[in-house]
Amino acid sequence: MVDSEPAVAPAEAPTELPPLLLGTYTPKIDAKGRLALPAKLRSQLGRGLVMARGQERCIYLLPYSEFRRVAAQIQRTSLGNKAARDYLRVFLSGAVDQEPDKQGRVVIPPMLRDYAGLGTDVVVIGVGTRAEIWNKDAWEAYLTEQEQGYADIADDVLPAMEF
């Protein structure tokens, strides 16, 4: 008689954390509307990504999986909520999926470049689970405007955090 080991339930697969996009970068948009994604963000964004209209006239740049999560969350809310339906229409109608080329470049469609007022000089910032593409002058003005508020609201936004 052979002793058999008791069946053990397989360990649960660890929950994969979403990407953590950080930093500020200043790439250029070329004459064909292409932007070379910063190398540090490229690996976090993965092969498939989505660009969409963002808040404050920036462009959101999301890994495909994060875009799906956000869209699904808005869709769950949207049926009974007019503001959510309106947001979903604007958000999804301006979204485009992209795969970076071999040089890590993506084409920013004219509609999104116009929306964000993008020329040659842009700023790409990491904002946790997404990146944002800003007109360089608009980003600098926004950052200047937010500096004092950043210090003033820290206690309200991060009450339980200790640094």
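Buried means under 20% relative accessible area. The exercises below apply these terms to a predicted model.

**Exercise 1. The fold**

Task: State how many helices and strands the chain has, and give their order.

Solution. 
- Step 1. The chain has five helices and eight strands.
- Step 2. Read from the N terminus, the elements run β-β-α-β-β-α-α-β-β-α-β-β-α.
- Step 3. Residues 24 or more positions apart account for 62% of them.
- Step 4. Of the 163 residues of the chain, 33% count as buried.

**Exercise 2. L112 and its contacts**

Task: Decide whether L112 is buried or exposed, and list what it is in contact with beyond its sequence neighbours.

Solution. 
- Step 1. L112 lies in helix α4.
- Step 2. Its relative accessible area is 0%, so L112 is buried.
- Step 3. Leave aside neighbours within four places in sequence. L112 is then in contact with M51, A52, R53, I59, G94 and V96.
- Step 4. Take M51 from that list. L112 and M51 are 61 residues apart in sequence, yet 8.3 Å apart in space, C-alpha to C-alpha.

**Exercise 3. Salt bridges**

Task: Work out where R47 and E99 lie, and what their pair ties together.

Solution. 
- Step 1. Side chains of opposite charge can pair when their charged atoms come close.
- Step 2. The cut-off is a side-chain nitrogen of Lys or Arg within 4 Å of a carboxyl oxygen of Asp or Glu. By this rule the count comes to nine salt bridges.
- Step 3. R47 and E99 form one of them, at 3.1 Å, N to O.
- Step 4. R47 sits in the loop between α1 and β3, and E99 in the loop between β5 (96-98) and β6 (105-107), so the pair ties together parts that are 52 residues apart in sequence.
- Step 5. R47 is exposed, at 62% relative accessible area. E99 is exposed too, at 52%.

Solution. 
- Step 1. E132 and R130 meet in a salt bridge at 2.8 Å, N to O.
- Step 2. K136 and E140 meet in a salt bridge at 3.6 Å, N to O. Both lie in helix α5, four residues apart, about one turn of the helix.
- Step 3. K82, D86 and R89 are linked in a network of salt bridges.

**Exercise 4. The largest pocket**

Task: Determine which element gives the most to the lining of the largest pocket.

Solution. 
- Step 1. The volume of the largest pocket is about 550 Å³.
- Step 2. Its lining has 21 residues, and Y142, L143, Q146, Y150 and I153 lie nearest the centre.
- Step 3. β7 (122-127), β8 (130-135) and α5 (136-157) each supply at least two lining residues.
- Step 4. α5 gives the most, with nine residues.
- Step 5. Sort the lining by type: 14 nonpolar, three polar and four charged.

**Exercise 5. Backbone angles**

Task: Find where E56 and R57 lie, and give the phi of each.

Solution. 
- Step 1. Most residues other than glycine have a negative phi.
- Step 2. Phi of E56 is near 55 degrees, a positive value. Phi of R57 is near 60 degrees, also positive.
- Step 3. E56 lies in the loop between β3 and β4. R57 is found in the loop between β3 and β4.

Terms used
Residues numbered from 1 in each chain as written. Predicted model: local features only at pLDDT ≥ 70, side-chain atom pairs only at ≥ 80, totals over all residues. Heavy atoms only, no water. 1 Å grid on protein atoms, 1.4 Å probe; cavity = no way out; pocket = protein on both sides within 12 Å on 5 of 7 lines; lining within 4 Å. Points joined across faces, edges and corners; volume = space filled by probe spheres on them. Nonpolar A, V, L, I, M, F, W, Y, C, P; charged D, E, K, R; others polar. Buried < 20%, exposed > 50% of the residue type's maximum accessible area, 1.4 Å probe, protein only. Contact = heavy atoms within 4.5 Å.
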